[in-house]
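I opened a new page for this chain.

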Amino acid sequence: MDTSAFDDLLEANRKFAESFTLSGFDGVAHAGVAIVTCMDSRIDPLGMLGLKPGDAKIFRNPGGRITPQALEALVLGVHLLGVNRILVIPHTRCAMATHTEEQLHEEVGRKAGQDASWQPFGVVEDQVEALRQDLAKVRSHPLVPDSVAVGGFVYDVDTGLLEPIG
Ligand SMILES: [Zn+2]
């Protein structure tokens, strides 16, 4: 495999490994935290909560949505990995909430130079309403016990603050 596209990252990795301190670490969430949030590069899931590597399970996808895969991760987190607090965190100015499916199909199709209309993107029309529905999916899941705290928050990418959503 030609790794030249990754040279800078692999060089950084060698430096990272020189002072690697996570060896022998278990895979438990030490702060009991699981985070579901967007893939957006403006989000630092650990940093925004004052956490460090080892503290939390993190699941990311476009929009920070509760998908079947997110539920799979949360159930494993709760029962096998010490999770007792779940935060679902979409964010302001998210492309998944500021575009329509048609707009994304058009934009991606134009950049790809081919039809993209067959690719679903799962955009949301009302971000807060979508978050409430996602929270309900977690809270009502038969394998997520009532003892687990489930909170919804919108992360403001301009201030760094989390706004709780009931
Ligand atoms: Zn986003």
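Entry 1. I call two residues in contact if their C-beta atoms, placed from the backbone, lie within 7 Å. I also note that the model is predicted.

**Entry 2. Overall layout.** I looked up the secondary structure and found five helices and five strands in the chain. Along the sequence they follow the pattern α-β-β-α-β-α-α-α-β-β. The C-alpha atoms fill a box of roughly 50 × 45 × 30 Å along the principal axes. Of the 166 residues in the chain, 25% are buried. I then looked at contacts between residues at least 6 apart in sequence, and 66% of these join residues at least 24 apart.

**Entry 3. The sheet.** In what order do the five strands of the open sheet lie? I read the order as β2-β1-β3-β4-β5, with mixed pairing. The edge strands are β2 (residues 56-61) and β5, each of which pairs on one side only. On average, neighbouring strands of this sheet are turned by 25° against each other, direction ignored.

I checked one pair in detail. β4 and β5 run antiparallel and are joined by four bridges. Val154 stands opposite Glu163 in β5.

**Entry 4. Helices on the sheet.** α5 packs on the sheet and touches β3, β4 and β5. The direction of α5 makes about 160° with that of β4. I also looked at α2, which lies across β1 (residues 33-38), β2 and β3. α2 runs at about 175° to β2.

**Entry 5. Helix α5.** I compared the length of α5 (residues 127-139) with what its residue count predicts. At 1.5 Å a residue, its 13 residues should span 18 Å, and the end C-alpha atoms are 18 Å apart, so the two agree.

Which residues of α5 are buried? I found Ala130, Leu131, Asp134 and Val138. Seen down the axis of α5, the buried residues fall within an arc of 100°, so they line one face of the helix. In general, an α-helix has 3.6 residues a turn, so residues three or four places apart point the same way. What covers the buried residues of α5 includes α2 (residues 68-80), β3 (85-89), β4 (149-155) and β5 (162-165).

**Entry 6. The listed site.** I went to the UniProt record, an unreviewed entry, which lists Cys38, Asp40, His91 and Cys94 under "binding site". They span 57 residues in sequence, yet no two of their C-alpha atoms are more than 8.7 Å apart, so they gather at one spot.

**Entry 7. Asp40.** I placed Asp40 in the loop between β1 and β2. Leaving aside neighbours within four places in sequence, Asp40 is in contact with His91 and Cys94. Asp40 has 19 C-beta neighbours inside 10 Å and therefore counts as partly exposed, since a buried residue needs 20 or more.

**Entry 8. His91.** Where is His91 found? I found His91 in the loop between β3 and α3 (residues 95-98). His91 counts as buried because it has 22 C-beta neighbours inside 10 Å. Not counting residues up to four places away in sequence, His91 touches Cys38, Asp40, Ile43, Val154, Tyr155 and Val157. Cys38 and Asp40 are also among the positions in the UniProt list. Val154, another contact of His91, is the residue I had noted opposite Glu163.

Terms used: Residues are numbered from 1 along each chain as its sequence is written. This is a predicted model: local features need pLDDT of at least 70, side-chain atom pairs count only at pLDDT 80 or more; totals for chains, interfaces and linings use all residues. Helices (H or I, at least four residues) and strands (E, at least two) are DSSP runs, numbered from the N terminus. The expected span of a helix is 1.5 Å times one less than its number of residues. A residue is buried if 20 or more other C-beta atoms lie within 10 Å of its own, exposed if 12 or fewer, and partly exposed in between; C-beta atoms are placed from the backbone. The arc is that of the directions from the helix axis to the C-beta atoms. Two strands pair if DSSP finds at least two bridges between them. Axes are lines fitted to C-alpha atoms, for helices over the stretch in contact, and angles run from 0 to 180 degrees between N-to-C directions. UniProt positions are given in the numbering used here, feature names are shortened, and annotations may be inferred rather than shown by experiment.
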